[in-house]
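Biologist: I would like to go through this model with you and ask what stands behind the words used for it. Please set each value against its definition.

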Amino acid sequence: MPYPDKTFDIILAKECLTWSYEPYATVMDISRKLKDTGFVVAFFYNARCHKILRELAIGRFNVDGRHFWTKNDIVKIFNDAVFKEIDFTYAERDDADVGAFVAMGFDNFGADLQTKSWLIKAARSKASVTALKSLYSPKVRRRLSQLLLRIEYAVEREKNIAALAELCRREMIFPDYLRDFVHEVCIHEETVLRLIS
């Protein structure tokens with residue numbers, strides 16, 4: 001796409017998974033074009049739908065150039081493109097009897113066998129991290145992360161605790177935000193919270 005990286009909050013990409021010649025490259029490009037707190041909404045045809053399986057059982061698979069995916073395929077593609085949360089909801093579903101497929105060992109978790117197509121929402125950050133990222137600039141978050149890691153690993157600890165206090169005062173970083181940030185950044189969370197309290 002002819003846009004700078006980190007341009008969009010939301011990208012609606014209804015048909016990209018259906019028709020893209022290089023879906024991995026397409027999803028990677030979408031990921032780059034989203035802001036850190038952004039997400040994409042997309043659509044895909046379900047390769048595990050009972051209608052597709054019935055056609056395969058008799059040797060037919062007429063797709064007209066469309067790509068069909070399983071939920072596992074989509075999770076892999078979006079995980080590889082550095083998306084953190086992926087949610088599914090059905091777009092088209094029917095109530096057909098799929099008992100024969102279940103008896104053959106096909107899993108029907110979430111009525112997957114009865115779902116013709118899925119909608120997905122894939123976010124660049126977890127919801128909890130999105131909240132952390134939305135309140136302060138990347139520069140402030142980067143400085144906050146540096147100071148916390150220096151405090152955690154005893155790099156000029158007293159000096160960095162004082163610098164953290166000054167940053168929190170200047171940028172009005174409130175205690176709950178700081179505690180949540182420590183939770184996301186630090187391995188030794190309890191120790192850091194004790195040191196900065």
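Biologist: Leaving aside its neighbours within four places in sequence, which residues is Glu92 in contact with?

Modeller: Glu92 is in contact with Phe43, Gln114, Thr115, Lys116 and Ser117. Contact means heavy atoms within 4.5 Å. Before we go on: this is a predicted model, in which local features need pLDDT of at least 70 and side-chain atom pairs count only at pLDDT 80 or more, while totals for chains, interfaces and linings use all residues. Residues are numbered from 1 along each chain as its sequence is written, and side-chain values use heavy atoms, with hydrogens and water left out.

Biologist: Where is Glu92 found, and what separates the C-alpha atoms of Glu92 and Thr115?

Modeller: Glu92 is in strand S4, residues 85–93. Helices (H or I, at least four residues) and strands (E, at least two) are DSSP runs, numbered from the N terminus. Glu92 and Thr115 are 23 residues apart along the chain, and 6.0 Å separates their C-alpha atoms.

Biologist: Why is Glu92 called partly exposed?

Modeller: Buried means under 20% relative accessible area, exposed over 50%, and partly exposed in between, with a 1.4 Å probe and protein chains only. Glu92 has 33% relative accessibility, so Glu92 counts as partly exposed.

Biologist: What makes Asp112 count as buried, and which residues does Asp112 touch?

Modeller: Asp112 has 5% relative accessibility, so Asp112 counts as buried. Its place is the loop between helix H5 (99–103) and strand S5 (115–123). Not counting residues up to four places away in sequence, Asp112 touches Asn46, Arg48, Cys49, Lys71 and Trp118.

Biologist: What is the phi of Ala111, and is Ala111 buried or exposed?

Modeller: The phi of Ala111 is near 55°, a positive value in a residue other than glycine. Most residues other than glycine have a negative phi. Ala111 is also in the loop between H5 and S5, and Ala111 counts as buried because its relative accessibility is 18%.

Biologist: How do you know that Thr18 is buried?

Modeller: The relative accessible area of Thr18 is 0%, so Thr18 is buried. Thr18 is in helix H1, residues 16–19. Residues up to four places away in sequence aside, Thr18 touches Phe43, Tyr45, Gly65, Arg66 and His67.

Biologist: How do you know that the reach of helix H7 is close to the one expected?

Modeller: The expected span of a helix is 1.5 Å times one less than its number of residues. Helix H7 (residues 138–152) has 15 residues, with 21 Å expected, and reaches 21 Å from its first C-alpha to its last.

Biologist: Which residues of H7 are buried?

Modeller: They are Val140, Arg141, Leu144, Ser145, Leu147, Leu148, Ile151 and Glu152. Seen down the axis of H7, these buried residues fall within an arc of 165°, so they line one face of the helix. The arc is that of the directions from the helix axis to the C-beta atoms.

Biologist: Why are H7 and H10 called roughly perpendicular?

Modeller: H7 and helix H10 (residues 189–196) pack at an angle of about 100°, with their axes 9 Å apart. That makes H7 roughly perpendicular to H10, because angles of 65 to 115 degrees count as roughly perpendicular, under 35 as roughly parallel, over 145 as roughly antiparallel and the rest as oblique. Axes are lines fitted to C-alpha atoms, for helices over the stretch in contact, and angles run from 0 to 180 degrees between N-to-C directions.

Biologist: Which residues of H7 and H10 meet?

Modeller: Leu148, Ile151 and Glu152 in H7 meet Val192, Leu195 and Ile196 in H10. Val192 counts as buried because its relative accessibility is 0%.

Biologist: What makes the buried residues of H8 line one face?

Modeller: The buried residues of H8 are Asn160, Leu164, Leu167 and Cys168. Seen down the axis of H8, they fall within an arc of 95°, so they line one face of the helix. On the other side of H8, Glu158, Lys159 and Arg169 are exposed. The cover over the buried residues of H8 includes H7, helix H9 (175–185) and H10.
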